[in-house]
Amino acid sequence: MTILCATHFSDAAQRAATAAAELARRLDEPLFLVHVLPGDLARAFGQTLKDTAASALADEVKRLEKLGARVSHQLLTGEPAEELARFAEEKGAGLVVTAGPTSASPFLGLGGSVDRLATTLPVPLLVVRDDEAFSQWVKGTRPLKVMLGVDRSLPFEAARGWLQNLRRYGGVEVVAGRIYWPHEEYQRMGLPHPQAFQDVSPELRRTLEQEVRTLVSPLELQDQPPVKVRLELGVGRIADHLVSLAEDEKVDLLVVGTHQRRALGKLWSVSHHALRLAKMSVVSVPVSAGARGSDVPIPALRSVLVATDFSDLANRAIPYAFSLLPQGGTVFVVYVGEPPQAMENERELRKRLHQLLPRSADGNERKVQVEVLSGQDVATTLLKAAERFNVDVMCLGSHGRGGLKETLMGSVTKEIMSRADRPVLVVRPPEP
């Protein structure tokens, strides 16, 4: 994984180059130092400007080599963001490093080279604002403190994978930052909403913290400190709250994933605003940089929700749900009834659910949690339960509540498959 560092020879660019050299040395990777001459300047000043830039590049390479990095350099001509993206792809770069926009930049760099790079590069972009933290990390004098922006999304998974790889090279303290708006979370999880609009119930906070811990569990390593979780209530732009939380934690580096949105899509892009507004260094990891092929880790399933309406076809899904957890975990066995009858008959319904459990249900350290839920919309009730219980997989029979045998799948199962943001195992009946 070659590291590419863009420089324009300013003090901020020198700090970025130092951080890139320290990272290259720690990761034992080659470093390419690149300067791009804008085409109009190159045409106006000709060979004199190119010679001056080449000399400055050579001097900077000598400085970085004294830090122990293996450094090559390249002088390019053209539009900076486009040329850097092209060169990064040509050299197979795994990381591009650059200085951040200064306070003197118009609109804090909006539309500038860093902004364009963030929406163009297929690899992570590290915007450096302080190189000292990287130097101390490489020397082993202190760990690197990093905040990871957490949500349920593909960009988050890409950012988590990048940080997971970085953590293998030395001490990295991780703070998982989750910005949330209570009203949305009560709706998503189907939890009762307190009277005050912004109140956070203990159940909601506990559920959110458990969800975050599950999402960052791949980062937990035996030789590293445990991940710290910070939940922060936020109204408005998420990036503002995340940057503020990172400042409060005094982190060295903020890591965020990105969809690489363009034009008006940037208005709600967390990575776009974090790169511009953060006072600490920021890594923006695009979805395209996520693990692929043989590098994709095998997920560890810890929990499954299986639903039944007590029909034979729905009940067939229950043993399959247990089969998904051969090494232990929690199986939530759920029935959804119409209110208020479901709650009036809850004890009897729970007894019927227990009678459906396989004999070896509690084997291999598996846990079973039987739930009777009340709701008119069965699919929505089950989806909210899946969010609330933070399950890895949903397991359903191949017909709905009414047993619509004329369709391949029942209405409930079909709706859940179209709306769920987690895997769904559908158990179909054998051919008659």
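Phe-332 and Phe-389 are both buried. In this predicted model, the two residues form a stacked aromatic pair, with 4.5 Å between the ring centres and 0° between the planes. Phe-332 belongs to strand β12 (residues 329–337) and Phe-389 to helix α15 (residues 378–389), so the pair ties together parts that are 57 residues apart in sequence.

**Aromatic rings and charges**

- A pair of aromatic rings is described by the distance of the centres and the angle of the planes.
- The whole structure contains 3 aromatic pairs, and the pair of Phe-332 and Phe-389 is stacked.
- Arg-26 sits over the face of Trp-137, 4.7 Å from the ring centre.
- Arg-352 sits over the face of Phe-310, where the distance to the ring centre is 3.9 Å.

**Helix α4 and its cover**

- Helix α4 spans residues 113–120, and its buried residues are Val-114, Asp-115, Leu-117, Ala-118 and Thr-119.
- An α-helix has 3.6 residues a turn, so residues three or four places apart point the same way.
- The buried residues of α4 are covered by elements including the helices α3 (80–90) and α10 (270–277).
- Strands β4 (93–99) and β5 (125–128) are also among the elements that cover these residues.

**Ser-284 in strand β10**

- Ser-284 is part of strand β10, which runs over residues 281–286.
- Why does Ser-284 count as buried? Its relative accessibility is 3%, and buried means under 20%.
- Leaving out residues up to four places away in sequence, Ser-284 touches Pro-124, Leu-125, Val-256, Thr-258, Ser-271 and Leu-275.
- Among these partners of Ser-284, Leu-125 lies within the range of β5 (125–128), while Ser-271 and Leu-275 lie within that of α10 (270–277).

**The chain overall**

- The protein chain holds 16 helices and 15 strands.
- Along the principal axes, the C-alpha atoms fill a box of roughly 85 × 45 × 45 Å.
- Of the 432 residues in the protein chain, 50% are buried.
- Taking contacts between residues at least 6 apart in sequence, 75% join residues at least 24 apart.
- The accessible surface amounts to about 21100 Å², and carbon and sulfur atoms account for 51% of this surface.
- The protein chain carries 52 positive and 52 negative side chains, and the centres of the two sets are 1 Å apart.

Methods:
Residues numbered from 1 in each chain as written. Predicted model: local features only at pLDDT ≥ 70, side-chain atom pairs only at ≥ 80, totals over all residues. Heavy atoms only, no water. Helix = DSSP H or I, 4+ residues; strand = E, 2+ residues; numbered from the N terminus. Buried < 20%, exposed > 50% of the residue type's maximum accessible area, 1.4 Å probe, protein only. Contact = heavy atoms within 4.5 Å. Areas by Shrake-Rupley, 256 points an atom, 1.4 Å probe, with all protein chains shown as cover. Lys, Arg positive; Asp, Glu negative; His and termini not counted. Charge placed at Lys NZ, Arg CZ, Asp CG, Glu CD. Phe/Tyr/Trp six-rings, centres within 6.5 Å; stacked < 30°, edge-to-face > 60°. Lys NZ or Arg CZ within 6 Å of the ring centre and 35° of its normal.
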